[in-house]
Amino acid sequence: MNLSLRARLFFAQAIAVIVALAAVTLLAAQEQRAWLVERNAEALERIARIAVRDLPGEWSRTSGDATECARSIGGALGLRVTLIAEDGRVLGDSDVPREALDAVENHRDRAEVAAALAGRTGHAVRRSHTLGVEFLYVARPAGVREVAVLRVAEPLVEIAALRASLLRLSLVAAAFALLLTLALAFWIAGRHAARVRELERVAARVGRGESAARAPERPADELGRLGRALNEMAAEMRSRLEALARERDERERILAHLRDGVALIDEAGRVLHVNHGLVTLLGLALPAAPGTPFAEFARLPELDDLLHRARDEGRTLESDLRAWTPQARLLHATVTPLGDGGRDPLLLVVHDLTEIEAVNRMREDFVANVSHELRTPLTSLRGYAETLLEGGLDDAEHREGFVRVMRDQAVRLEALLEDVLALAELEQPGARLRVERIDLRALIERQVAGMKPRAERAGLTLAIEPGAPLLALADRARLEQVIANLLDNALKYTERGGVTVAAGAAGPLAWCEVRDSGPGIPPEDQPRIFERFYRVDKARSREKGGTGLGLSIVKHIVQLHGGSVSVASVPGEGSTFRFEIPRGAETMAVTPG
Ligand code: ADP
């Protein structure tokens, strides 16, 4: 039967109360009756004692007629009186006619009579065989003539009536108590059931993850303690969930900021999770929603093939792939089955090798370029040395010229070596500047003054536009190199006219321009002249002793200062090289670009 908690509690209490009240009422009724009988027996005993005392008088007055005598005493007392002989025979009875006496049973065995015959007062409660009514009997030894025992008896009708009324009273009281108790039980059961229901509600809310759910802890009985345990459990659960969420968020953050691509793919090839890195590496716009088939998301057959093979073979596989995302990329993919069976998810990690490949290619190009640059002066040196050895030393007319060429080639080699070393130093990942407060204008003026004789020898003008001191935080030696390289190029390539240098401040920046009236640079070459070994006119640059690295060094130094360099040139009219650096540049551990 599916009774509610309230009904169960109520019925259990109601049954207990009813049984207890019934038992109490029954016991009380019995107790009442015993008490009444005892009180009556005491009264009857006193009456019997008086009747025995008055018996001889009555006996003589009624001339030994036992029935008459019994009636007389009985009449006076308002009770039934029986006179009994030594052998138990009834001699006379106030309520039995004389003629019926013979039919009356011998009373020897009646308990009260037997006690009186033995000399004691006896009493008993019994239904009278003679009269058919319940009587309280009290018998006393008499010893008057043949009357051995006098017995008085009172019908229990009144006692019964009294008992009935007492019982009614008890029942009414019991019913009243029952009603009151049941009402109380009903209320208590209701309250308990309501508290249990409240706990049930709170448990359900805790289960749904509602953080505000709190169970009542008062009153501090078993249910209150249960409420407290529930609250403690909920708090513990909340803190564990928070810790889990924190861990998950951290993991998500790490994955989100990872430049490598990471994906978790289920046994059916559907995406469980992809990070932003993978989306970027594959050149896609949006991450895949969980459940999307990975092949549809990535659209890279080689990657699909790798995933299938890793699943089939149940081991980690790696491969390099080319992805034709907007730009071509070289990717390194590693697929690891997570677990031993074929039904476990696969972890895909994709690493971008594009930059590494580009760096490697640059290094290879650089080595090839340097070797190429070395080869020409070395071949020339060797050629002249061999010519000298093979008789050239005796050729008084030309030998000096040979040695001069050899010296020029050695100077060129030295310049190349210096530029390569300078560039290598600037390109080191931790390349730093020795920053100090300098006057840029004074620095430029010194460089210009140093180059003046060379300009004059070449028939060129070299001037600096006047201006105020230009303070900046910069690396003095490196900036000297920037200006020297720019001036060297301007003087090197300009054949007529001259070179002008200007410098100034523009807001937080300091700028410097080197303008020449040289051949200028074709527009298509302008973006490339800052690359290493890039020359517009190779033969001319070599002839002038150029290494092809000067502008590359300029660009690196300016960028290390947090600045930029640019060129503006009209072929046939001249070129203007301009660089700008922040004046307060306290920088600058900038990785060279
Ligand atoms: P180089 O040692 O050959 O001068 P740079 O890196 O300094 O190497 O310059 C790269 C190329 O840019 C030069 O070979 C030259 O063709 C061109 N160039 C540089 N400065 C000038 C200039 N002032 N006028 C014309 N061409 C220039």
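**Helix packing, ligand and loops**

Tutor: Let's begin with H9 (residues 354–389) and H10 (residues 399–427), two helices that pack at an angle of about 160° with their axes 9 Å apart. That angle makes H9 roughly antiparallel to H10. Keep in mind that this is a predicted model.

Student: Is the crossing of H9 and H10 left-handed or right-handed?
Tutor: H9 and H10 cross in a left-handed way.

Student: And which residues in H9 and H10 meet?
Tutor: On the H9 side they include Phe366, Val370, Leu374, Leu378 and Tyr384. Among those in H10 are Phe402, Val403, Met406, Leu413 and Leu416. By class, the residues of this H9 contact with H10 come out as 17 nonpolar, 3 polar and 3 charged.

Student: OK, what about H1 and H2, at what angle do they cross?
Tutor: The axes of H1 (residues 5–61) and H2 (residues 66–77) cross at roughly 135° and come within 10 Å. H1 and H2 are therefore oblique to each other. H1 passes H2 in a right-handed crossing.

Student: Which residues meet there, in H1 and H2?
Tutor: Ile47, Ala51, Leu55, Glu58, Trp59 and Arg61 are the ones in H1, and they meet Ala66, Cys69, Ser72, Ile73 and Leu77 in H2. The contact of H1 with H2 divides into 8 nonpolar, 1 polar and 2 charged residues.

Student: One more pair: how do H11 and H12 pack?
Tutor: H11 (residues 440–457) and H12 (residues 476–493) pack at about 35°, and their axes are 10 Å apart. Their crossing is right-handed. Among the contact residues are Leu443, Ile444 and Arg454 of H11, along with Leu479, Glu480 and Ile483 of H12. In this contact of H11 with H12, 11 residues are nonpolar, 1 is polar and 6 are charged.

Student: Switching to the ligand, how many residues surround it?
Tutor: There are 21 residues around the ligand, and the closest are Asn489, Tyr493, Ser541, Thr547 and Gly548.

Student: What does the side chain of Tyr493 do there, which ligand atom is 2.8 Å from it?
Tutor: An oxygen atom of the ligand is 2.8 Å from an N or O atom in the Tyr493 side chain.

Student: Now the loops. Is the peptide bond from Arg218 to Pro219 cis or trans?
Tutor: The bond from Arg218 to Pro219 is cis, with omega near -10°. Pro219 lies in the loop between H4 (157–207) and H5 (222–257).

Student: And Arg145, is its phi positive or negative?
Tutor: Phi of Arg145 is positive, near 50°, and this residue is not a glycine. You'll find Arg145 in the loop between strand S4 (134–144) and strand S5 (147–155).

Student: Why point out those two spots?
Tutor: Because most residues other than glycine have a negative phi, and most peptide bonds are trans.

Note on methods:
Residues numbered from 1 in each chain as written. Predicted model: local features only at pLDDT ≥ 70, side-chain atom pairs only at ≥ 80, totals over all residues. Heavy atoms only, no water. Axes fitted to C-alpha atoms, helices over the stretch in contact; angles between N-to-C directions. Helix = DSSP H or I, 4+ residues; strand = E, 2+ residues; numbered from the N terminus. Parallel < 35°, antiparallel > 145°, perpendicular 65-115°, else oblique. Left-handed = near helix turned anticlockwise from the far one by under 90°. Contact = heavy atoms within 4.5 Å. Nonpolar A, V, L, I, M, F, W, Y, C, P; charged D, E, K, R; others polar. Near = heavy atom within 4 Å. Polar contact = N/O pair within 3.5 Å; in protein donor to acceptor, adjacent residues only side chain to side chain.
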